[in-house]
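Hi,

Here's the structure I said I'd pass on.

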Amino acid sequence: MDHRGRLLLACAAIVGLFLVVQLGALAFVEPAVEQDLQEFEDGGDSSLSLALVLGILAMTGVMLAALRYGGASVLRGFILLASVYIAFFALDVLVPAIIEPTVGGVSVNLLAVGGALGLGGALYAYPEWYVVDTAGVVMGIGAAGLFGINFGVTAALVLLVVLAVYDAISVYGTEHMLTLASGVMEMRVPVVLVVPLSLSYSYLDTDPPDTATPSDEDDDPTGDAAETPEEDDDPTGDAAETPEEDDDPTTGTDTGTAAADRDALFIGLGDAIIPTVLVASVAVFVDAGPTISLLVVETSLPAVTAMVGTLLGLVALLWLVTRGRAHAGLPLLNGGAIAGYLVGALASGLTLAEAVGLGGVL
């Protein structure tokens, strides 16, 4: 298979990974509500979204400080522990409790515990790309599902809009993600999804991104979109980029000759999680339109159209970045999810005010 064919196959794999996260989140939400994992039955309000955004900003600052002052190993340990914790919630909901002893009066799903610890151990000992992807997908399902069942549609919409704006600023306006991207790449933790373009590719042997500025490199190192080896990832997750295209960074025009040594595509895990929060929220809080069966789950039309909108945004993002330019991921992905949801909501008989949660106000 030629290089173009492998690149298209890798793009299709990224779409597939997104679809798995979305379907997994939809499968997660109903049993999660039944297991009382929903802290805000009414979906809370937009202050939840703003609090989460502030938390993301604070975590970004902590990570940058840790990398700058020699705390990378501590930071990696924290991320691995968080990975195990989130993976446990996902597996505890989705994996049947075949072995469920009682410990201290609490039933424990040993398969979920074992699976989460196994993922954590594999990430620590051998974080090859398929280990990182497996952990990332499980984490994505758990994180998107947990936020989705607790964030009502209004809160979810505010979250998606604010993070899309922040992502655009961090990619096109500032360069504070540059050091973070390099450090995260070295830590080999599941904040990215990795899709190789060749069977011989090893994530363990991939060098971290250079510390050149956008004017020095053919890509935007702050960018969050799909990206090949010289990856740049926003921990909120948003970068898609292919590296080392024969591209003129001063004009943004692609000369059309891709480098032969492109090895993999990377996309931030947050790019999959954030729009899926809206999909999960709609599945829980919007009771409108026909029910549609999607493989192993059933959900409403607006949730399905939000998924379709996300995937269309992803296809557009991948088309842009495979032409050799870095782009912010969340504006396209979140924009697609929101547009898709609104189309489905209106088709299901809701007014625009009702669709955005302002039916009682307007």
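Let me start with Phe266: at 0% relative accessibility it counts as buried (under 20% relative accessible area; exposed is over 50%, partly exposed in between, with a 1.4 Å probe and protein chains only). Before going on: this is a predicted model, where local features need pLDDT of at least 70, side-chain atom pairs count only at pLDDT 80 or more, and totals for chains, interfaces and linings use all residues. Numbering runs from 1 along each chain as its sequence is written, and side-chain values use heavy atoms, with hydrogens and water left out.

What does Phe266 pair with? At 1% relative accessibility, Tyr203 is buried as well. The ring centres of Tyr203 and Phe266 are 5.8 Å apart with planes at 50°, so this pair is tilted (rings of Phe, Tyr and Trp, the last by its six-membered ring, pair if their centres lie within 6.5 Å; under 30 degrees is stacked, over 60 edge-to-face, the rest tilted). Tyr203 sits in the loop between strand 3 (192-196) and strand 4 (225-226), and Phe266 in strand 8 (residues 264-268), so the pair ties together parts 63 residues apart in sequence (strands are DSSP E runs of at least two residues, helices H or I runs of at least four, numbered from the N terminus).

The whole structure has five aromatic pairs. In another of them, Tyr85 and Phe89 have ring centres 4.9 Å apart and planes at 80°, so they are edge-to-face. Both lie in helix 3, four residues apart, about one turn. Tyr85 counts as exposed, at 53% relative accessibility. Ring pairs link Tyr85, Phe88 and Phe89 into a cluster.

Cheers
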